[in-house]
Amino acid sequence: MEQTGASADFLRRAAAENRRYGGDPWVFIRELGQNARDASGRRIEIRSRIEGNRVQLSFADDGSGMSLAHARKYLFRLYASSKEGEASSAGRYGVGFWSVLCFQPDEIRISSRCGGQGWGVGLSGDLSRWWSADCERRARGTTIVLERDLAEGAERFTEALRRAVERYLVHLRTAGRRPKRMVVRLDGQRVDRPFSLDSPGQLVFRDGAVEGVVGFGPRPAYTLYARGLPVAHGAYLEELEGLIERRRGGQEREGMAPSYLLNGNDLEVVISRQMVRRDRALRRLLRTARSRFEELVSSAIDGAAERSWSSRIRAVLGRAWRGVIRGPAWMVIGLSFLALVVAGGLVGLGLSAIQDMGQRALPDRAAVRALPAWQHAAEVADPELLHGTGRAPGLPLPPGAERARIALETPTLRLDASEHLGAGTVSPPGDESVWALRYRPGRELLFRLTSLERFDPRSGWYAGGMDSGWRALAGQPTAGPADALDVEILLAAGGSWLVPVPSGHAPLPGSARLDGAPVALERNGDGLYRLNLPRRARLLRYRLGPQARTPWLRGSRGRLGVELPPALRPLVSRARGMRLRARIAYLRDAVADLVRYERSAEVAAAYRSKLSSGQSWLEKVIAIGFGDCDVQNGVLAVLLRESDVEARLVVGIAGHRGRGWPGLHAWVEADEAGRLAVLDASSEASSEARIPDGQEPPPFPELAVQVPALDGALEMAPDSRGRGSMRSWVHDGLLVAGACALGLLAGLTLLARRRQGRCAVSDDRKQRRELLASMAADALRRPAAWRNVDGIWHRPFLPAEGGRMLTLLQLVKLSRAGRVFLGRRAEAEGELVGEALRCKLPVLDPFEPDFGPLYRRVTGLRDLAELVRFKPLEVGGSDAQLLAGLDGLVSAAAPGIRACAVRGDVDGALWDVDLSPIAPCARSGWPARFVAINLEGAWWRAIRALHAHKAPLALAVAADRIASESRLLGASADRIRRAAARGALGSAKP
């Protein structure tokens, strides 16, 4: 600009760039508003002053302003823009300012203040000279003043300026992450306004970077803004996607068409500002606009048509599904993953339930007898020693046990009997010892009595000697922690008795009382407890507290060194490569699947049979495939030890609701990095068998010794039985999936609340129905404008006879097939209406006040009021004889089609009547398909006269005309003529 010789060339190039904007001389208003917006302006002030034949137009904003150096580098040059790297800027091509030349000014003055420094420059209209000027700004911002001679009248100039400002700036948005409406004033009056449409129903919305209003108009139309600047307008949104060519909305017609006024604050425009780039931002805008218009249509339908709850749920699910498949990729992927998680969890629960049912079911007797591995077996343990010892792991209370005598002398509790306790066989159901044991608070607990430490490859686990290493439990008496547990047990004859202690707990020092007197408990190095009882029938009470670390048996560490069967080797090999917790859970689930819980007589007999030559106990268990809790957990203990996990097999009492359940139970205790892990491979099956629904443990015997009140309810130590099972994992997975679903639902709810707009539709049901009828009429005339609006096509809102509601898509499809009828029950066509309803065909009321006009304009609807005039009549005389002959010819040549007589105010000689969609019943008097013959017509009178003299010839003439004019008989016309001709010729022979 410093070189005056370049002014002409600069002016020529600027004029060429301005032609990109079209022929509007006021387009510079848009470009100056865009520059103000990109400068972070909040207000625009436009003023015009006319003095004589001169007009002065000033454009001022409160943006960030610019320095003179910045103006030299960017403003006074073409194709130089400081906003090329700013994604939020509307202009970045460096040509917008020079659109002021479209105003054809004689003088241009620019003033700007930035950072406290102001400057001013004046330019001649032909850019041949420039000069320094005073800065007209007192605050930051930029002011541009244009002056020229007034070519038109003052009123015309003022009106043109007002229209230009309303066209380009009334919806201008500010820059930033949360754009707002810019304040635009014209000669002191505010002209900016919110998005709105002149529509009987509209929805104003804002969804992130997309905002606008959707409504209805006399023709389909859209207007698109980018950051509040007008970009494009047309008829259908598909024009923006390039799916159809840009077109005008056409003539205004009766009906309500979709109308959109949209603004995208992240849209990218081309240099001409007349089209946006087809990128992700445009696709998001179109998706949002269609979704919002769908909401508006659904709101109108909801207020106009009554629906059942089932239809509402189907509509909501359908709308949600369509919204998901049309939504962003992250929503589709997230919801699909969540659906897979929930579905997998439900399938897992179902499989787990089926598995449990299979475990509870008795094995097939024939299959048991067919197993060859059971034919040769040796006795694993002495049945006489185990019989009657109370060793009854996992058995339910037998019938009549609620009246059984409490076994005060239980051999298994005696130390001398427990030393010989073994595991490896299965005892069939029988009389179970009943424990005189109770505790508070009543929780599900496992009370450890002893450990089966030694393992014999031929017979399994057994206890061995435990008579050494006992010493008194030392320590001062204490009340114990808040989560202490109080236990009472009734003992019988004197001797050494094992004291039941839950896994993970230990007796508190000084807490044991025998008939109210202090008594000392003893403990050995294996973590077991005993009491030396001098007399009979004594009540022992003691308090337990959580134990930080459980003492381990001396032999519970290291591998057993046994030879594993081939079925178990891969399990151990795979487990050794896992982390400790995963290894324990994996082996627990593997054993539960490999050996199923079962204590039937057949399984017990199989374990009592002899071992085959060279067969080990593990091989026998794998061959049988069934076992009780000590067999299952015995296998688990072997696998854990062989996988370098410290573990032991434990036998004790199962506690349920503060009582000891009859019989013994076996489980495994493992060292999980210093934490006690209680594992039970038969946890699900045995617990359900041991604790049937609706049963309670036997009552504690009432003695003379009174039990003092125990402290309040105490929290139990965590019970890890069943950890790692299929049901546990499925349960945890479902909990996670449910939490994810709730979180997603909450997120979508918040998102929906954030996206809520202001829906303005009349609350009057009559007006909503009229609006809905107008929308449906426009959709039938211009389906292209409504093809992406699912609600108008798939929501049932068209009322039919019998309380049925049709969708617009059903109306179109059924009308094309001729399966929709017009009629009213109360009119003459009521009989046909009833027949149609019996066949579940829709019948529409043409006189319905809101939708009747729509029905009468739909092609393909059959009016039953017109058809009722063609009901067949009974006739006599020669007409009956002639009609009978015609009917015989027609029925023989075209089965299913009749020839019938009609009378009345009908025009014409004959008509085709097809009621096959209705399929009227025989007693109604209506054939499904027939040719209606007017007996009052002139041609029939001629046929009647001919029939009086030459009946065969009259029949042939009548048949020829029917075959020629009836479309129903088109394929059978020649056969009818030939049959009629043969009849006529046959009668003419002498």
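Buried means under 20% relative accessible area, exposed means over 50%, and partly exposed lies in between (1.4 Å probe, protein chains only). This is a predicted model, in which local features need pLDDT of at least 70 and side-chain atom pairs count only at pLDDT 80 or more, while totals for chains, interfaces and linings use all residues. Residues are numbered from 1 along each chain as its sequence is written, and side-chain values use heavy atoms, with hydrogens and water left out.

Q: Why is E211 called buried?
A: The relative accessible area of E211 is 4%. Buried means under 20%, so E211 is placed in that class.

Q: Where is E211 found?
A: E211 is in strand 10 (residues 210-217). Helices (H or I, at least four residues) and strands (E, at least two) are DSSP runs, numbered from the N terminus.

Q: What makes the pairing of E211 and N265 a polar contact?
A: Their side chains come to 3.4 Å. A polar contact is a pair of N or O atoms within 3.5 Å; within protein, one must be able to donate a hydrogen and the other to accept it, and residues adjacent in sequence count only if both atoms are side-chain atoms.

Q: Which residues does E211 touch, not counting residues up to four places away in sequence?
A: Contact means heavy atoms within 4.5 Å. E211 touches R173, F195, F205, R206, L261, L262, N263 and N265.

Q: What makes R292 and E295 a salt bridge?
A: A salt bridge is a side-chain nitrogen of Lys or Arg within 4 Å of a carboxyl oxygen of Asp or Glu. For R292 and E295 the N to O value is 2.7 Å, so the pair qualifies. The two are three residues apart in helix 6 (residues 280-304), and therefore separated by about one helical turn.

Q: Are R292 and E295 buried or partly exposed?
A: R292 is buried at 2% relative accessibility, whereas E295 is partly exposed at 34%.

Q: Which residues are linked with E107 and R109 in a network of salt bridges?
A: R54, D106, E136, E147 and D149 are linked with them.
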